[in-house]
Each structure stands twice: as structure tokens, then as C-alpha cells.
Amino acid sequence: MNPLERLAAVVSAGAQELPSVRVGGVVREVTPTYYRVAGLSRFLKLGDRVALCAGGREHAGEVVRIDDSGATVKPFDGYVDIGIGARAYRLGTMALRPHESWKGRVINALGKAVDGLGPLGAGERAMPADAPPPSAMTRGRVTKPLRTGVRVIDLFLPLCEGQRIGIFAGSGVGKSTLLSMLARASGFDTVVVALVGERGREVREFLEGPLAASRERAITVVSTGDESPMMRRLAPRTALSIAEYFRDRGESVLLIVDSVTRFAHAARDVALSAGEPAVARGYAPSVFSDLPKLLERAGPGEEGSGTITGVFSVLVDGDDHNDPVADNIRGTLDGHIVLDRAIADQGRYPAVNVLASISRLADQIWSGDQKELALRLKGMIARFEDTRDLRLMGGYQTGSDAALDQAVTLVPRIYDALRQDPGMPPSVDAFGELAQVLRQ
């Protein structure tokens with residue numbers, strides 16, 4: 001029997017499958033940050049994963065640039081001992097298969113367990129790492145109030161389920177502490193946390209401290225600061241894919257990303273390796289298109305599905321709130337909470353500057369009386385802060401301005417009411433608790 005007859009016999013009988021064939025290429029250039037692979041360009045698209053073979057092992061990388069001469073591949077591992085002539089194979093696009101059993105687990109950006117509790121179960125549905133957000137005309141509206149248990153937020157910056165809020169702060173102002181307090185919020189079926197570029201020692205501190213009470217319903221995606229930019233860039237996208245899986249099941253999901261700024265730093269590194277120009281403080285143009293794509297995936301799902309309430313921390317470099325990344329994120333989210341170093345220096349935590357912060361959905365939550373009271377209190381605080389220097393210099397006499405006299409009397413008591421440590425129980429009725437303090 002000749003080869004053609006043997007092939008026809010196999011196909012007609014259906015008794016066995018033909019062996020699979022992988023499309024391969026060869027590494028032609030090695031640099032400290034990326035590899036150039038020849039022979040695969042016509043079979044790849046941006047975002048595809050490629051396996052780089054070395055020492056009998058395969059190391060995954062992602063395609064960040066393609067031209068006729070080859071493809072630029074950035075590896076997910078920080079260091080890969082790859083040499084000229086190493087084989088490379090196309091793996092396809094990145095996808096996860098989340099499962100209910102993932103709750104309580106800690107995984108890396110590639111969706112692999114890192115908690116030593118064994119392999120993860122695989123769900124029935126593949127979730128792409130770069131899924132598009134729901135259509136603007138089919139996604140649900142955000143209307144259901146959310147009680148965070150953080151008094152200053154529930155009073156002045158009330159949130160809704162499905163809202164996306166940013167916490168803007170410099171280093172050491174209490175950003176991570178406030179995130180841990182928000183992680184305790186009740187009413188969520190699932191909590192997904194992405195720790196991006198964090199110090200290694202802080203991971204267990206966060207898991208065994210602030211997140212301990214919610215650990216059985218939480219999935220944590222970890223990419224520490226010593227990992228490659230590719231892992232730090234992928235971690236928030238992995239977290240969103242997991243959150244979208246549970247959202248599509250009708251669950252209410254709390255997503256916490258700490259921090260989006262480190263995602264932007266990693267995206268900048270990848271973009272520069274791909275040959276993009278630096279246009280704004282070293283950031284490439286694609287960074288400012290990647291940020292809205294990431295943030296828009298949070299929020300309400302399509303009508304009839306669940307919601308993703310997104311809390312994103314933003315590390316403001318040098319306390320400059322006009323940093324291009326911070327400015328881009330602030331314009332995309334549904335509100336921003338600004339933490340002020342001057343308030344933290346006074347020992348008032350959470351160090352929220354209520355005058356610089358805003359929740360764009362507050363009007364849907366406040367009753368008429370609550371809105372009037374909140375605005376009057378903010379006006380009182382503004383009057384108190386604007387005249388601080390004048391009063392310290394002795395340029396104001398009591399009785400000259402009744403409204404200022406009231407502010408001088410009440411604002412310090414309001415500040416005391418807003419103090420809240422992580423060890424304190426969550427607030428139950430923020431307005432009632434404030435009224436009780438002011439009556440004393």
C-alpha cells in the first residue's frame with residue numbers, strides 16, 4: 001500500500017488522529033528585555049503567546065511587535081537563558097478558566113497557584129485576558145447604594161455597586177490601609193484582589209491581616225515588584241478576567257487593584273521595547289489607550305448579569321496630582337478619593353481630603369436632607385481651612401463672623417468623628433454616628 005492509500009485508509013476509518021503540528025521559528029536576537037524571533041511573523045498577531053525553548057523547558061512570552069523580518073517577544077519570566085538559534089512556537093492567545101473553587105486561593109498573573117495548596121480547578125468557560133467591556137447600550141445602570149463601613153466615604157463620597165472609584169495618594173499616606181478597610185465591605189459575593197508591583201513582604205501581611213475576614217470569598221492575583229514588567233502588566237487583566245467570570249454568573253464582585261500606576265509603568269516598559277516613542281514624561285501613546293481599556297471592563301455587566309465594583313489605587317508620583325497617568329485615570333473613573341499628606345501628618349486617618357474628592361454618583365444615593373447636610377458640612381470645612389493661617393496669626397476675633405465661629409467650633413469635632421482605624425468596627429450609620437458626636 002502506497003502512502004496515499006495509507007492516508008486515505010486512516011481518514012476513512014477514523015480510527016486515529018493525525019499527529020498535531022506546531023508552527024515554529026528561531027530566536028535571531030537576544031537583548032536584556034526582549035527576543036527577536038524569525039519564521040513566525042505570518043502566523044502571529046499582537047498579544048499572542050510564544051513558547052521559547054531552552055534547557056528542555058518552555059518559557060512563555062508575549063508578542064509585542066511584528067514585522068517582515070521577525071517578531072519581538074517579551075518573556076514573562078524576569079530572566080530566561082535563551083540563546084541564538086533556540087526554537088520558538090506559537091501558543092495562541094492568553095485565556096483563563098476560572099472556577100468557583102478558586103475562591104480562597106492565591107495565583108500569579110498567568111493563572112497558576114502560588115499558595116502551595118495544589119493545582120487549580122478548571123472551569124467550563126475560557127475567559128480571555130483582554131476581553132472587551134460590555135456594550136454601552138446593553139450594560140446595566142448603577143443605582144444600588146453600597147455601604148463601605150468607612151465613615152468618611154459613606155458621609156461625603158457615597159458609592160454604588162458597579163461604580164469605579166480611584167484612591168489617589170503619594171507613598172506612605174495610607175492608601176493600602178484604606179483599601180484593606182474597603183475590602184471588609186459586606187454585600188459582595190466575591191472579592192478579587194490584584195496586588196501589582198507590591199513589596200513581597202506585604203503580600204502575606206495583606207492576606208493574613210485585612211483580607212483574613214473575607215479570605216474564603218477572595219481570589220488574590222499577585223505580581224510583586226521583582227517580577228518582570230510583563231507579569232505586572234498582565235496581573236490586573238487576569239484579575240478582571242476572573243471578576244468578569246463571576247459577574248457573568250450574576251454575582252456582585254468587588255475588584256481591588258493596587259496599583260494601576262504600576263500597571264502603567266509596566267505598560268510603558270513594554271511599549272518602549274516595542275519601539276514606541278515616549279511622548280509624556282516617558283510614557284508611550286499606547287499606555288493612555290491601555291488604561292481606559294482596563295478600567296472600562298469594571299462596572300455593571302449587561303442587563304440581568306452581575307456587577308464589578310472597582311476600587312483602583314493610583315500612586316501619585318511626587319504628590320503631583322497632575323501627573324499624566326493620574327489625570328488620565330481620574331477622567332475615566334466614576335469618582336476619586338484624594339488622600340492628603342498634610343492630613344496624614346496631623347495623624348488623622350483615613351487621610352481623605354473631602355474638598356478635593358468626589359463621587360460622581362453621590363446624588364443617586366443621598367436623600368434630599370443628606371445632600372443638604374453634606375454640602376453644608378463641606379462648606380464649613382472649606383471655611384475652616386481657608387482661614388487657618390489667619391486664625392493662627394491672631395487676625396480673627398470671635399464674634400466677627402457667626403458662620404466662621406460655628407465652623408471653628410464644629411469642624412474639629414467633625415474631624416474627630418471621621419477618624420477610623422482598621423481595627424475599629426465598620427460604620428453602620430455614618431450620618432447617625434456623626435450626629436451623635438456633634439450633639440456631645
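Analyst: A helix here is a DSSP run of H or I with at least four residues, and helices are numbered from the N terminus. By that count, R233 belongs to helix α5. Note that the model is predicted.

Some context comes before the close-up. The protein chain has 13 helices and 19 strands. Its C-alpha atoms fill a box of roughly 110 × 40 × 40 Å along the principal axes. Of its 440 residues, 51% count as buried. Take the contacts with a separation of 6 or more: residues 24 or more positions apart account for 72% of them.

Start at R233 in α5. Is R233 buried or exposed? Its relative accessible area is 13%. The cut-off for buried is under 20%, so R233 is buried. What does its side chain pair with? It makes a polar contact with the side chain of E62, at 3.1 Å. Set aside neighbours within four places in sequence, and R233 is in contact with E62, F263, A266, A267 and V270.

Now the helix pair itself. Two packed helices are described by the angle between their axes and the distance between those axes. Helix α5 covers residues 229-248 and helix α6 covers residues 260-273. Their axes come within 8 Å and cross at roughly 130°. An angle of 65 to 115 degrees would be roughly perpendicular, and one over 145 roughly antiparallel. The pair is therefore oblique. The crossing of α5 past α6 is left-handed. From α5, the contact uses P229, M230, R232, R233, P236 and R237. From α6, the partners are R262, F263, A266, A267, D269 and V270. By class, the contact of α5 with α6 has 7 nonpolar residues, no polar ones and 5 charged ones.

What does α6 meet in α7? V260, F263, A264, A267, R268 and A271 of α6 face S286, V287, D290, L291 and L294 of α7. This contact divides into 8 nonpolar, 1 polar and 2 charged residues. The axes of α6 and α7 are 9 Å apart, at an angle of about 140°.

Next, the loops at either end of α6. S259 lies in the loop between β15 (252-258) and α6. The peptide bond from D258 to S259 is cis, with omega near 5°. R281 sits in the loop between α6 and α7 (285-295). R281 is not a glycine, yet its phi is positive, about 50°. Is R281 buried or exposed? Its relative accessible area is 53%. Exposed means over 50%, so R281 is exposed.

Helix α8 also packs here. It spans residues 324-332, and P324, V325, A326, I329, R330 and T332 are buried in it. Where do these residues pack? They lie against β12 (164-169), α6, α7, β17 (307-315) and β18 (335-338). At the start of α8, a side-chain oxygen of D323 comes to within 3.0 Å of the backbone nitrogen of V325.

Strand β18 leads on to V338. V338 has a relative accessible area of 11% and is therefore buried. Apart from neighbours within four places in sequence, it is in contact with F168, H321, A351, V352, N353, A356 and S357. V338 and I358 are 20 residues apart in sequence, and their C-alpha atoms are 8.6 Å apart in space. Another cis peptide bond joins Y349 and P350, with omega about -5°. P350 is in the loop between α9 (341-345) and β19 (358-359).

To recap the helix pairs: α5 and α6 cross at roughly 130°, while α6 and α7 pack at about 140°.

Definitions and conventions. Residues numbered from 1 in each chain as written. Predicted model: local features only at pLDDT ≥ 70, side-chain atom pairs only at ≥ 80, totals over all residues. Heavy atoms only, no water. Axes fitted to C-alpha atoms, helices over the stretch in contact; angles between N-to-C directions. Helix = DSSP H or I, 4+ residues; strand = E, 2+ residues; numbered from the N terminus. Parallel < 35°, antiparallel > 145°, perpendicular 65-115°, else oblique. Left-handed = near helix turned anticlockwise from the far one by under 90°. Contact = heavy atoms within 4.5 Å. Nonpolar A, V, L, I, M, F, W, Y, C, P; charged D, E, K, R; others polar. Buried < 20%, exposed > 50% of the residue type's maximum accessible area, 1.4 Å probe, protein only. Polar contact = N/O pair within 3.5 Å; in protein donor to acceptor, adjacent residues only side chain to side chain.
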